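This report describes selected helices, helix contacts and individual residues. Please consult the sequence and the structure shown here while reading.

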Amino acid sequence: MDTLEALRAMLGPSHVLTDADAQPFVVDWRERYRGQALAVVRPADVGQVSEVVRFCADHGIPLIPQGGNTGLCGGATPDDSGAAVILSLQRLNRIRGIDTDNDTMEVEAGCILQSVQQAAREAGRLFPLSLAAEGSCTIGGNLATNAGGTQVLRYGNMRELALGLEVVTAQGDVWHGLRGLRKDNTGYDLRDLFIGSEGTLGVITAATLKLFPLPVARCTALLALESIEAAIQMLGRARAGLGASLTGFELMAGDCLRDVVRCFPQQRFPFEGPSAQLPWFTLLELSDSESEAHARERFEVVVGEAIEAGCVQDAVIAESVAQSHALWHLRESIPLAEKEIGKSIKHDVSIPVSRMAEFVESTNAALQAAFPGIRHVIFGHLGDGNLHYNVARGADWAEGQLLALQDNVYTLVHDRVHAVGGSISAEHGVGQLKRDALPRYKDPVEMALMHKIKSVLDPQGIMNPGKVLQ
Ligand SMILES: Cc1cc2nc3c(=O)[nH]c(=O)nc-3n(C[C@H](O)[C@H](O)[C@H](O)COP(=O)(O)OP(=O)(O)OC[C@H]3O[C@@H](n4cnc5c(N)ncnc54)[C@H](O)[C@@H]3O)c2cc1C
């Protein structure tokens with residue numbers, strides 16, 4: 001029996017996609033990577049995942065786990081050999097249970113993040129991971145990339161939100177690690193090893209996630225500022241004044257927001273006159289356990305003091321839930337506007353907050369000196385020290401002109417990130433995009449240990465080859 005016939009016998013013919021049906025799975029969200037696959041398989045449960053992996057291990061067939069295919073580093077895209085099988089987890093989409101006393105929920109890897117948030121809300125709890133792709137990314141992808149998003153400041157990233165995992169190993173065995181324990185010191189932490197491993201060590205099939213009390217009210221404020229230094233000062237003020245109620249603190253260059261309203265005219269920029277032209281904006285979110293009025297009052301005090309001190313030039317504090325959503329929508333539309341405008345070179349980096357202003361200023365200057373006219377598209381999760389420091393083509397450049405500079409731009413930016421003690425991947429992962437850059441910046445002993453771990457857990461090298469490690 002040939003490979004496709006065997007897979008069809010295992011999963012049913014309608015769950016083995018080839019040719020045109022496989023095309024949406026072989027290209028990434030940004031359309032920067034396109035590969036070919038022998039087939040896309042869609043198992044229904046952990047048993048079928050195990051069968052597929054065991055079969056592929058027996059026959060030396062490379063496997064690419066894929067969730068919502070929203071990753072930004074080409075991690076879920078096969079190479080162009082056509083030898084790999086894409087293992088789509090989308091049919092593993094059951095919420096297996098919610099334990100409100102233990103504040104945990106058990107979900108399958110293919111659950112869409114938004115549906116997990118919704119299920120938690122219906123049980124009177126909060127699952128706090130939140131990011132612009134939440135309508136299509138999956139919990140498995142979130143875990144495999146250790147996703148971050150807009151609430152990390154208060155709740156942590158995916159690694160901090162998962163208590164247990166169920167994983168199919170590269171040999172097809174099932175590791176039943178779905179523990180809902182906050183304390184468990186029984187040896188090496190395999191959970192933390194699989195989280196962030198981008199499908200290169202095994203397939204995550206389910207997870208036990210942490211839940212939190214649902215805030216009674218949320219309020220959002222958009223502040224206009226003159227500099228990144230002022231934004232950092234504001235972060236300190238907000239932390240001191242709002243404590244754990246501060247659940248989001250985003251930084252956006254004014255140009256990014258002006259691009260959003262230009263690309264999507266139905267959205268409104270809530271500032272006019274000189275404030276609308278300022279170079280930097282921050283979006284703050286406050287989660288309150290009393291009421292909307294209370295949330296607003298607390299914001300008014302902190303923001304009022306910052307305006308008086310000259311730290312903030314202008315501010316809009318949302319007066320309704322709808323206005324809060326509209327302000328978030330502006331922020332979340334930045335990557336969409338960026339995509340609309342054309343291809344860009346993305347850097348998802350983390351920098352110590354204390355060195356953020358120095359990094360942006362010196363890197364902007366170095367890029368302009370090397371590539372005059374290049375555009376900076378800078379936004380990110382300032383509260384976590386995470387910037388999306390992207391660059392786009394200059395006004396009169398052809399698209400190809402920017403992409404031709406890609407390698408030089410990456411090296412220039414990443415060298416500066418490294419020089420200020422930062423990381424070249426904050427939350428998007430490595431995938432194929434940053435794989436070759438990794439050894440330049442990571443400690444050689446750390447790289448050697450990573451290679452050893454990979455060779456022990458996946459000795460045949462069938463799990464997502466060519467991603468993360470060379
Ligand atoms: C508009 C937009 C905004 C975004 N904003 C953010 C943000 O704020 N923060 C952030 O962290 N990310 C962000 N992302 C990136 C992306 O959404 C996340 O990385 C997301 O977690 C990927 O989930 P996915 O299901 O789409 O994974 P995929 O893209 O399908 O896969 C991503 C990686 O995980 C592996 N993988 C997927 N599922 C499994 C599994 N079950 N087991 C093992 N490996 C698996 C794949 O092999 C691949 O290496 C954004 C993306 C877009 C398009």
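A residue counts as exposed when its relative accessible area is over 50%, as buried when that area is under 20%, and as partly exposed in between. The model discussed here is predicted. By that cut-off glutamate 31, with a relative accessible area of 53%, is exposed.

**Residues with positive phi**

Glutamate 31 is located in the loop between α2 and β2 (39–41). Although glutamate 31 is not a glycine, its phi is positive, at about 60 degrees. Aspartate 19 is likewise not a glycine and has a positive phi of about 50 degrees. This aspartate belongs to helix α2 (residues 19–22). Aspartate 19 counts as exposed because its relative accessibility is 64%. A further positive phi, near 65 degrees, occurs at glycine 60, the residue that follows α3.

Which residues of α3 are buried? They are Val46, Gln48, Val49, Ser50, Val52, Val53, Phe55, Cys56 and Ala57. In an α-helix there are 3.6 residues a turn, so residues three or four places apart point the same way.

Helix α10 (residues 254–263) is largely enclosed by the rest of the structure, because seven of its ten residues are buried. The buried residues are Gly254, Cys256, Leu257, Asp259, Val260, Val261 and Cys263. Their packing partners are the strands β13 (246–253), β14 (280–288) and β18 (375–381), together with the helices α13 and α14.

Arginine 262 is also part of α10. Is this arginine buried or exposed? With a relative accessibility of 56%, arginine 262 counts as exposed.

**Helix pairs**

| Helix pair | Axis separation | Crossing angle |
|---|---|---|
| α15 (residues 356–370) and α17 (residues 406–419) | within 10 Å | roughly 155 degrees |
| α9 (residues 228–242) and α15 | within 9 Å | roughly 160 degrees |
| α13 (residues 321–332) and α14 (residues 334–341) | 5 Å | about 40 degrees |

The axes of α15 and α17 cross at roughly 155 degrees, and α15 is therefore roughly antiparallel to α17. Their crossing is right-handed. On the α15 side, the contact is made by Phe359, Ser362, Thr363, Ala366, Leu367 and Ala370. On the α17 side, Val409, Leu412, Val413, Arg416 and Val417 take part. Classified by residue type, the contact of α15 with α17 comprises eight nonpolar, two polar and one charged residues.

Helix α15 also meets α9, with the two axes crossing at roughly 160 degrees. This angle makes α9 roughly antiparallel to α15. α9 passes α15 in a right-handed crossing. Ile228, Glu229 and Ile232 of α9 make the contact with Met356, Ala357, Val360 and Glu361 of α15. The residues of the contact of α9 with α15 comprise five nonpolar, no polar and two charged.

How are α13 and α14 oriented to each other? Their axes pack at an angle of about 40 degrees, and the two helices are therefore oblique to each other. In this contact Leu330, Arg331 and Glu332 of α13 meet Ile334, Pro335 and Leu336 of α14. Four of the residues in the contact of α13 with α14 are nonpolar, none is polar and two are charged. As noted above, both α13 and α14 pack against buried residues of α10.

**Tyrosine 155**

Tyrosine 155 is found in helix α6 (residues 152–155). Its relative accessibility is 10%, so tyrosine 155 counts as buried. Leaving aside residues up to four places away in sequence, tyrosine 155 touches Leu126, Pro128, Glu160, Leu161, Phe212 and Thr247. Tyrosine 155 and leucine 129 are 26 residues apart in sequence, while their C-alpha atoms are 8.0 Å apart in space.

Key: Residues are numbered from 1 along each chain as its sequence is written. This is a predicted model: local features need pLDDT of at least 70, side-chain atom pairs count only at pLDDT 80 or more; totals for chains, interfaces and linings use all residues. Side-chain values use heavy atoms; hydrogens and water are left out. Buried means under 20% relative accessible area, exposed over 50%, partly exposed in between (1.4 Å probe, protein chains only). Helices (H or I, at least four residues) and strands (E, at least two) are DSSP runs, numbered from the N terminus. Axes are lines fitted to C-alpha atoms, for helices over the stretch in contact, and angles run from 0 to 180 degrees between N-to-C directions. Angles under 35 degrees count as roughly parallel, over 145 as roughly antiparallel, 65 to 115 as roughly perpendicular and the rest as oblique. A crossing is left-handed if the near helix is turned anticlockwise from the far one by less than a right angle, and right-handed if clockwise. Contact means heavy atoms within 4.5 Å. Ala, Val, Leu, Ile, Met, Phe, Trp, Tyr, Cys and Pro count as nonpolar, Asp, Glu, Lys and Arg as charged, and the others, Gly among them, as polar.
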